[in-house]
Amino acid sequence: MHAPDVEDLARIASAGDLAALNVLLVTVRPEVLRVCARLLPNREDAEEACQDTLLAVARGLPRFEGRSAFRTWMYRLATNRARSAYRRSRPAAAGDSTDVLADVADPRRTSMVATTRLDLLDALARLRPELAESVALRDVLDLSYAEIAALHQVPEGTVKSRIHQARRELRKLLTA
C-alpha cells in the first residue's frame with residue numbers, strides 16, 4: 001500500500017470528506033511537528049504549535065483555494081503558529097527573576113546550537129513580519145523561491161529581495 005498523496009487528500013477533505021480530513025491530519029502531523037520543532041526552543045512549545053496548526057488546517061481547509069500547494073499553505077500556518085507560541089512564551093520568562101530563557105541560554109549548561117536558535121528567534125521577532133516569514137520559509141523550511149512567491153502572492157523577485165534584506169538585517173542583529 002502506498003502513502004496517501006497529501007495534495008489529493010487536501011482537495012478531498014476541503015470538499016467536506018471527514019475521513020479524508022482525519023487521514024490528512026494524521027499524515028501531516030509529523031511534518032508539522034518537525035517544522036515547529038525547528039523554530040521553537042523546546043518540545044512542549046513545538047507540540048502546542050503543532051496542535052494549533054492542525055486545528056487551523058482543519059478549520060481553514062474548506063476556505064483553502066488551492067492557489068498554492070497545500071504544503072506551502074500548511075507551512076505558513078505552522079510558521080505563524082510557531083512564532084505566536086514563541087511570543088507567548090517569551091514575555092512570561094522576560095519579567096521573571098528566574099528567567100527561563102536566560103537559564104536555557106547559559107553557555108555552561110546549553111549547547112551552542114540551542115543558544116544560537118534562541119538568538120535567531122529573538123532576531124526574527126525584531127524583523128518586519130514579511131521579511132521574517134520569507135527568510136524562515138527559505139532557510140529553515142527549505143521552500144523554493146517560487147513556492148514562497150505563490151504563498152505570499154508576490155513576484156519571485158520580491159521574495160528574493162525580502163530574503164536578501166532579512167539576511168542583511170539578521171546579520172547585523174546577530175553580530176551586534
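The legends below describe close-up views of a predicted model. Local features need pLDDT of at least 70 and side-chain atom pairs count only at pLDDT 80 or more, while totals for chains, interfaces and linings use all residues. Residues are numbered from 1 along each chain as its sequence is written, and side-chain values use heavy atoms, with hydrogens and water left out.

**View 1. The largest nonpolar core.** This core has 51 residues. A nonpolar core is a set of buried Ala, Val, Leu, Ile, Met, Phe, Trp, Tyr and Cys residues joined through side-chain atoms within 4.5 Å. Buried means under 20% relative accessible area, exposed means over 50%, and partly exposed lies in between (1.4 Å probe, protein chains only). Leu24, Val28, Val32, Leu61 and Phe70 have the most contacts inside the core. Helices that each supply at least two of its residues include α1 (6-14), α3 (43-60) and α4 (70-94); α2 gives the most, with 10 residues. Helices here are DSSP runs (H or I, at least four residues), numbered from the N terminus. In soluble globular proteins, nonpolar side chains tend to be buried together.

View 2. The buried residues of α1 are Val6, Leu9, Ala10 and Ala13. They lie on the same side of α1, because they cover an arc of only 100 degrees around the axis. The arc is taken from the directions from the helix axis to the C-beta atoms. Leu24 touches Val6, Leu9, Ala10, Ala13, Leu61 and Phe70, leaving aside residues up to four places away in sequence; a contact means heavy atoms within 4.5 Å. After α1 comes Gly16, with a positive phi near 110 degrees.

**View 3. A cluster of rings.** Ring pairs link Phe64, Phe70 and Trp73. Rings of Phe, Tyr and Trp (its six-membered ring) pair if their centres lie within 6.5 Å; planes under 30 degrees apart count as stacked, over 60 as edge-to-face and the rest as tilted. The whole structure has three aromatic pairs. Phe64 and Phe70 are edge-to-face, 6.1 Å centre to centre with 85 degrees between the planes. Phe70 and Trp73 are tilted, at 5.8 Å and 50 degrees. These two residues are three apart in helix α4, so about one helical turn separates them. Phe70 is buried at 0% relative accessibility, and Trp73 is buried at 17%.

**View 4. Two charges at Tyr145.** Arg138 lies over the face of Tyr145, 4.4 Å from the ring centre. The charged end of Lys160 sits over the ring of Tyr145 as well, 5.4 Å from its centre. A charge sits over a ring if NZ of Lys or CZ of Arg is within 6 Å of the ring centre and within 35 degrees of the ring normal.

View 5. A salt bridge is a side-chain nitrogen of Lys or Arg within 4 Å of a carboxyl oxygen of Asp or Glu, and the count comes to 10. Arg88 and Glu48 meet at 2.9 Å, N to O. Arg88 is in helix α4 and Glu48 in helix α3, so this pair ties together parts 40 residues apart in sequence. Arg83 and Glu133 meet at 3.7 Å, N to O. Their pair ties helix α4 to helix α7, across 50 residues of sequence, and both residues are buried. Asp139 bridges to Arg167, with the closest N and O atoms 2.6 Å apart. This pair links helix α7 with helix α9, 28 residues apart.
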